[in-house]
Amino acid sequence: MHPRDQTIFALSSGRAPSAIAVVRVSGAQAGLALTTLAGRLPAPRQASRRLLRDGAGQPIDDAVVLWFPGPASATGEDIAEFHVHGGRAVLAALFATISDIPNTRTAEPGEFTRRAFENGKLDLTEAEGLDDLIHADTDRQRRQALRQLQGLLGDRARDWRERIIEASALIEAGIDFSDEGDVPAELRAPAVKAIKALHDEIAKVLAAQGHSERLRDGLVVAIAGEPNVGKSTLINQLARREVAIVSPHAGTTRDVIEVQLDLDGYPVTVIDTAGIRETDDPIEQEGVRRARARAEDADLVLWLVEGGQALDLDTMRSRWTSADGGASSSGSVWIVRNKIDLGGGGGAGPSAEFGISASRGDGIPELVDALVRFASEFFGTTEGAMVTRTRQRDLLSRASDSLRRSLDLVEDGEELAAEELRAAAYALGRLLGRVDVEDVLGAIFQKFCIGK
């Protein structure tokens with residue numbers, strides 16, 4: 001039997017032990033699993049309390065069971081759910097009994113959601129939204145993922161694709177009636193109007209997205225500078241806990257330390273790097289190399305200096321540029337002057353300098369406020385943003401480019417214009433996961449947790 005025809009089961013709640021555990025079974029044998037364990041099927045979509053027994057008739061647990069016959073279920077298949085006490089022994093006995101039923105097996109990561117997709121319960125953008133919702137760490141991530149799960153992009157993409165197909169039909173009809181005088185022109189005019197409107201809509205969506213797809217991964221901020229300028233103290237202040245060792249000895253931080261922050265709903269990864277200096281210590285040399293690499297890739301570098309130290313941006317960039325000539329950071333750079341309580345200082349504002357005392361906390365609220373403003377400008381408008389993944393942006397761009405080329409070709413080459421319209425419809429089909437996406441399904445669904 002093909003694996004897709006087998007019945008799957010998995011723990012769909014938190015890791016044991018827990019107060020309650022939910023075990024889901026999906027497939028043709030789900031009903032048999034339910035009757036084997038609970039004695040009989042409950043009424044569809046109604047919770048029922050049952051004493052579960054194993055194959056030998058021995059009691060397993062006093063549980064709540066539910067029955068969702070397909071296709072009116074989450075996966076489109078028959079689904080059974082067992083809500084049991086979340087002890088390891090209870091789950092082991094339950095899994096053993098289900099495993100004894102023919103053609104059943106444990107589910108792979110994301111397999112429940114993949115079956116929902118394959119059975120038309122979700123399109124690919126909604127499946128991606130579900131994955132993002134599971135992994136959302138901040139409120140803005142949650143809201144963006146929920147909109148995607150509710151079909152914000154998928155519904156629009158389906159409408160666009162249908163309209164492209166209608167315009168394509170008009171163009172191709174004009175080709176079929178090319179010897180009928182003014183018939184092609186009569187068909188071409190509404191097609192051109194429709195194509196132009198579609199192109200403008202998709203282009204407008206793309207232009208309005210900013211870096212919305214980056215909201216999933218978050219903003220990367222690197223704290224860099226020479227040794228003993230207070231980088232570890234600053235990251236501890238931002239994290240509001242001790243995540244890095246603070247020491248007066250140079251070279252204490254030798255690896256990259258990361259902390260995840262939620263700044264007004266924006267996910268921000270702050271990186272504490274090794275002090276950048278010349279050293280003969282091979283371990284510290286590796287730390288400096290990693291520090292330079294992370295600063296080069298960061299969206300924003302906070303270059304820490306002592307209060308009165310004179311330093312310009314060009315000098316800073318040369319400090320962290322890789323010794324092998326690698327490019328310096330393409331992101332923004334802020335000078336943060338530390339230890340202002342000991343004398344010296346700086347201006348304020350996201351495009352100037354910041355004066356702080358990392359040990360006392362002076363200037364930290366102003367720095368955090370500036371980081372929030374920077375994140376807001378970087379991500380753009382996240383409320384109502386449709387694009388949440390690079391894959392989605394690339395396919396929308398392809399559709400937009402094909403529509404633009406079809407407009408350029410429609411007057412002189414209707415056959416070529418029709419081909420570009422087919423390419424645009426194909427790109428939107430891939431976006432929804434309805435044509436030729438087998439190569440990306442594994443990459444998407446394997447990132448899901450088991451049981452989802």
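The crossing of helices α12 and α13 is left-handed, a term used where the near helix is turned anticlockwise from the far one by less than a right angle, with right-handed used if the turn is clockwise. The structure is a predicted model, in which local features need pLDDT of at least 70 and side-chain atom pairs count only at pLDDT 80 or more, whereas totals for chains, interfaces and linings use all residues. Residues are numbered from 1 along each chain as its sequence is written, and side-chain values use heavy atoms, with hydrogens and water left out.

Two packed helices are described by the angle between their axes and the distance between the axes. For α12 (residues 390–409) and α13 (residues 414–432), the axes come within 8 Å and cross at roughly 165°; axes here are lines fitted to C-alpha atoms, for helices over the stretch in contact, and angles run from 0 to 180 degrees between N-to-C directions. The two helices α12 and α13 are therefore roughly antiparallel to each other, given that angles over 145 degrees count as roughly antiparallel, under 35 as roughly parallel, 65 to 115 as roughly perpendicular and the rest as oblique. Residues of α12 that meet α13 include Leu395, Leu396, Ala399 and Leu403, and those on the α13 side include Leu421, Ala424 and Leu428, where contact means heavy atoms within 4.5 Å. Another helix pair is formed by α8 (residues 231–239) and α11 (residues 364–379), whose axes come within 11 Å and cross at roughly 75°, and α8 and α11 are therefore roughly perpendicular to each other. This contact is made by Leu234, Gln237 and Leu238 of α8 together with Ile364, Leu367 and Val368 of α11.

The secondary structure of the protein as a whole comes to 14 helices and 12 strands, where helices (H or I, at least four residues) and strands (E, at least two) are DSSP runs numbered from the N terminus. Of the 452 residues, 49% count as buried, meaning under 20% relative accessible area, with exposed being over 50% and partly exposed lying in between (1.4 Å probe, protein chains only). Among contacts between residues at least 6 apart in sequence, 65% join residues at least 24 apart.

Strands of a sheet pair through backbone hydrogen bonds, either parallel or antiparallel. In this model, 6 strands form an open sheet in the order β3-β4-β5-β2-β1-β6, with mixed pairing; two strands are taken to pair if DSSP finds at least two bridges between them. At the edges stand β3 (48–53) and β6 (104–106), each with a single partner strand, so one side of each is left without a neighbour in the sheet. Neighbouring strands of this sheet are turned by 30° against each other on average, direction ignored. Helix α1 (residues 30–38) packs on the sheet, touching β1 (7–11), β2 (18–26), β3, β4 and β5, and its direction makes about 80° with that of β3. Helix α3 (residues 111–118) also packs on the sheet, touching β1, β2 and β6, and its direction makes about 135° with that of β1.

Within this sheet, 5 of the 5 residues of β1 are buried, so β1 is largely enclosed by the rest of the structure; Thr7, Phe9 and Leu11 point one way from the strand, and Ile8 and Ala10 the other way. Strand β1 pairs with β6 in the parallel sense over 3 bridges, with Phe9 standing opposite Thr106, and with β2 in the antiparallel sense over 4 bridges, where the bridge partner of Ala10 is Arg24. Strands β1 and β2 form a hairpin with 6 residues between them.

Strand β7 (residues 219–225) is likewise mostly covered, with 7 of its 7 residues buried. The residues on one side are Leu219, Val221, Ile223 and Gly225, and those on the other are Val220, Ala222 and Ala224. Strand β7 pairs in the parallel sense over 5 bridges with β9 (residues 266–272), where Leu219 has Val268 as its bridge partner, and in the parallel sense over 5 bridges with β10 (residues 300–306), where Ala224 stands opposite Trp303.

Ser73 lies in the loop between β4 (59–68) and β5 (79–86) and is buried, with a relative accessible area of 10%. Not counting residues up to four places away in sequence, Ser73 touches Phe68, Ile79 and Lys121.
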